[in-house]
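Welcome! Take a look at the sequence and the model first, and then read on.

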Amino acid sequence: MTLSHDLLAWRAEMTQPPGPLNGLARAAQQRINKIIPDKVHAAITSAIEGMTRALLVGSDFTTGSPLTGLTLDERRAHAAKAIDGWKKTAAVEGGVTGAGGFLLAAADFPLLMSFKIKLLFEIAAVFGHDGTVLSERLFILHIFELAFSDGEHRAGVLAAMDDWDARAHPAHLDDFDWRAFQQQYRDHIDLAKLVQFIPVVGAPLGAIVNWRLVEKLGHTAVMAYRMRAEQGAYPPLRTSVQVPLS
C-alpha cells in the first residue's frame with residue numbers, strides 16, 4: 001500500500017545518515033560529560049535500566065482502554081491533547097529539577113522517562129491499541145527507539161515496524177535488544193539533557209529541553225501509528241499474546 005506523502009517524507013527523514021554536525025555535537029557531549037560527577041552518570045544509567053525493568057512488568061504504564069469508533073482525524077486530535085498535557089508537565093518538572101543542581105537534575109531522568117512511556121501508552125490507546133498486548137509493547141519500544149536513536153539504527157527499527165500486524169513477534173519482552181535500546185537512548189539524549197546540569201541556566205534549559213523531547217516523541221508516535229493504520233492495522237488485531245502483569 002502506498003503511504004501518504006507526509007508519511008513518506010517522515011520515513012525519509014528518519015533514515016537520513018548522520019551529518020557533519022553530529023561529530024561536533026559528540027565532541028561537545030564528551031566535554032560536558034567530563035564535568036559531570038560520576039555519581040550523576042551512575043544515576044542516569046541506573047534510571048535507564050530501571051525504566052527498562054519497569055517495562056518488563058509494565059502494569060504501571062497502562063493508560064485506559066483502547067478507543068474505538070473514531071476517525072483518524074479524531075484520534076490525532078486526542079493524541080495532540082495528550083502530547084500537549086505531557087509537554088507542559090515535563091517542562092515544569094524539568095525547570096524545577098534544573099534549578100536544583102546536579103542531584104535534582106539527575107532525578108529528572110527517571111521522571112521524564114516515566115512521562116514519555118506513559119504518553120506512548122496513552123497514544124497507543126488513542127489509536128485503538130491495547131497496551132497489555134505483548135506486540136503492542138514491543139511497538140511502543142520501537143517508537144521510543146525511532147525518536148531517540150541515530151539514523152543508522154532508526155533505519156533498522158523502521159524496517160522492523162513495517163507491516164507490523166502481519167509479522168510474527170517474540171513471545172517474551174526478554175527477547176528485545178535492551179542493550180542497544182539503552183545505549184542508543186543514552187547516546188542520543190545525553191547532550192540535550194546535560195545542559196540541564198549547567199548552573200544558573202539549568203532551569204530554563206531543562207524546561208525547554210523536556211518540552212521538545214516530549215514533543216518529538218509524541219510526533220514520532222503519531223506518525224508511527226498513522227503509518228501502521230495506512231498499512232492496514234485497523235481494526236487492531238485481537239489475537240496477540242497478552243503480557244503477564246504479575
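Leucine 146 counts as buried, because its relative accessibility is 1%, and buried here means under 20%. Please keep in mind that this is a predicted model.

**Leucine 146 and its surroundings**

- Leucine 146 sits in helix 6.
- Setting aside neighbours within four places in sequence, leucine 146 is in contact with Trp10, Met14, Arg154, Val157, Leu158, Met161 and Thr220.
- Leucine 217 lies 71 residues away from leucine 146 along the chain, yet their C-alpha atoms are separated by 8.5 Å.

**Helix 6**

- Helix 6 covers residues 134–147, and its 14 residues should span 20 Å at 1.5 Å a residue.
- Helix 6 is largely enclosed by the rest of the structure, because 14 of its 14 residues are buried.

**How helix 6 meets helix 7**

- Two packed helices are described by the angle between their axes and the distance between the axes.
- For helix 6 and helix 7, the axes come within 9 Å and cross at roughly 150°.
- Angles over 145 degrees count as roughly antiparallel, and helix 6 and helix 7 are therefore roughly antiparallel to each other.
- The crossing of helix 6 and helix 7 is left-handed.
- On the helix 6 side, the residues that meet helix 7 are Phe139, His142, Ile143, Glu145 and Leu146.
- On the helix 7 side, their partners are His153, Arg154, Val157, Leu158 and Met161.
- Sorted by class, this contact of helix 6 with helix 7 has 6 nonpolar, 2 polar and 2 charged residues.

- Aspartate 162 is in the loop between helix 7 (151–161) and helix 8 (178–194).
- Is aspartate 162 buried or exposed? With 16% relative accessibility, aspartate 162 counts as buried.
- Not counting residues up to four places away in sequence, aspartate 162 touches Arg11, Arg167, Met227 and Gln231.

**The whole protein**

- The protein has 9 helices and 0 strands, and along the sequence the pattern reads α-α-α-α-α-α-α-α-α.
- Of the 246 residues in the protein, 47% are buried.
- Among contacts between residues at least 6 apart in sequence, 85% join residues at least 24 apart.

Key
Residues are numbered from 1 along each chain as its sequence is written. This is a predicted model: local features need pLDDT of at least 70, side-chain atom pairs count only at pLDDT 80 or more; totals for chains, interfaces and linings use all residues. Side-chain values use heavy atoms; hydrogens and water are left out. Helices (H or I, at least four residues) and strands (E, at least two) are DSSP runs, numbered from the N terminus. Buried means under 20% relative accessible area, exposed over 50%, partly exposed in between (1.4 Å probe, protein chains only). Contact means heavy atoms within 4.5 Å. The expected span of a helix is 1.5 Å times one less than its number of residues. Axes are lines fitted to C-alpha atoms, for helices over the stretch in contact, and angles run from 0 to 180 degrees between N-to-C directions. Angles under 35 degrees count as roughly parallel, over 145 as roughly antiparallel, 65 to 115 as roughly perpendicular and the rest as oblique. A crossing is left-handed if the near helix is turned anticlockwise from the far one by less than a right angle, and right-handed if clockwise. Ala, Val, Leu, Ile, Met, Phe, Trp, Tyr, Cys and Pro count as nonpolar, Asp, Glu, Lys and Arg as charged, and the others, Gly among them, as polar.
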